[in-house]
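Welcome, and do open your viewer before reading on.

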Amino acid sequence: FLDAVTTILSHTRPSRRQTLMFSATWPEQIRGVAQAAMRNPVVVRIGAVQLSASTQVTQVIEVVEDADRDTRLRELLEEYHGASRCRNK
């Protein structure tokens, strides 16, 4: 993530750039990049400065073939949200 941000910043001219940064967490390295990339930044914080990941969230990774991706998404939406209204457009 940090490498992608610094690469993007290095390919744009600061005088022609409007920079907005959003993050659920704000690690020290990202704060340093933000400070270097922005002039007179405004920081809006919701919650505590020292955020941590929620212990109530479970992340699941599924490797799915491209051809099966939409079908699997519909299955998950139905399973977790009862989204039987999801249809192909």
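Start by selecting Arg69 and Asp66, whose side chains meet in a salt bridge at 3.8 Å, N to O. The term salt bridge here asks for a side-chain nitrogen of Lys or Arg within 4 Å of a carboxyl oxygen of Asp or Glu. Both Arg69 and Asp66 are exposed; exposed means over 50% relative accessible area, buried under 20%, and partly exposed in between, with a 1.4 Å probe and protein chains only.

A word on what you are viewing: this is a predicted model, where local features need pLDDT of at least 70 and side-chain atom pairs count only at pLDDT 80 or more, while totals for chains, interfaces and linings use all residues. Residues are numbered from 1 along each chain as its sequence is written, and side-chain values use heavy atoms, with hydrogens and water left out.

Back to the charged pairs: the count by this rule is four salt bridges. Next, select Glu62 and Arg72, a salt bridge with its closest N and O atoms 2.7 Å apart. Glu62 sits in the loop between α2 and α3 (69–81) and Arg72 in helix α3, so this pair ties together parts ten residues apart in sequence. Helices are DSSP runs (H or I, at least four residues), numbered from the N terminus. Glu62 is partly exposed at 39% relative accessibility, and Arg72 is also partly exposed, at 22%.

Through shared partners, salt bridges join Glu62, Arg72 and Glu75 into one network.

Now move to helix α2 (residues 28–37). Which of its residues are buried? Select Ile30, Val33, Ala34 and Ala37. They lie on the same side of α2, because they cover an arc of only 100° around the axis, taken from the directions from the helix axis to the C-beta atoms.

What covers the buried residues of α2 includes α1 (2–10). Colour Val5, Leu9, Val33, Ala34, Ala37 and Met38 to see the largest nonpolar core, six residues in all. Such a core is a set of buried Ala, Val, Leu, Ile, Met, Phe, Trp, Tyr and Cys residues joined through side-chain atoms within 4.5 Å. Its largest share, three residues, comes from α2.

For a last stop, centre on Ala37, which touches Leu9, Arg17 and Thr19 (heavy atoms within 4.5 Å), not counting residues up to four places away in sequence.

Methods. Helix = DSSP H or I, 4+ residues; strand = E, 2+ residues; numbered from the N terminus.
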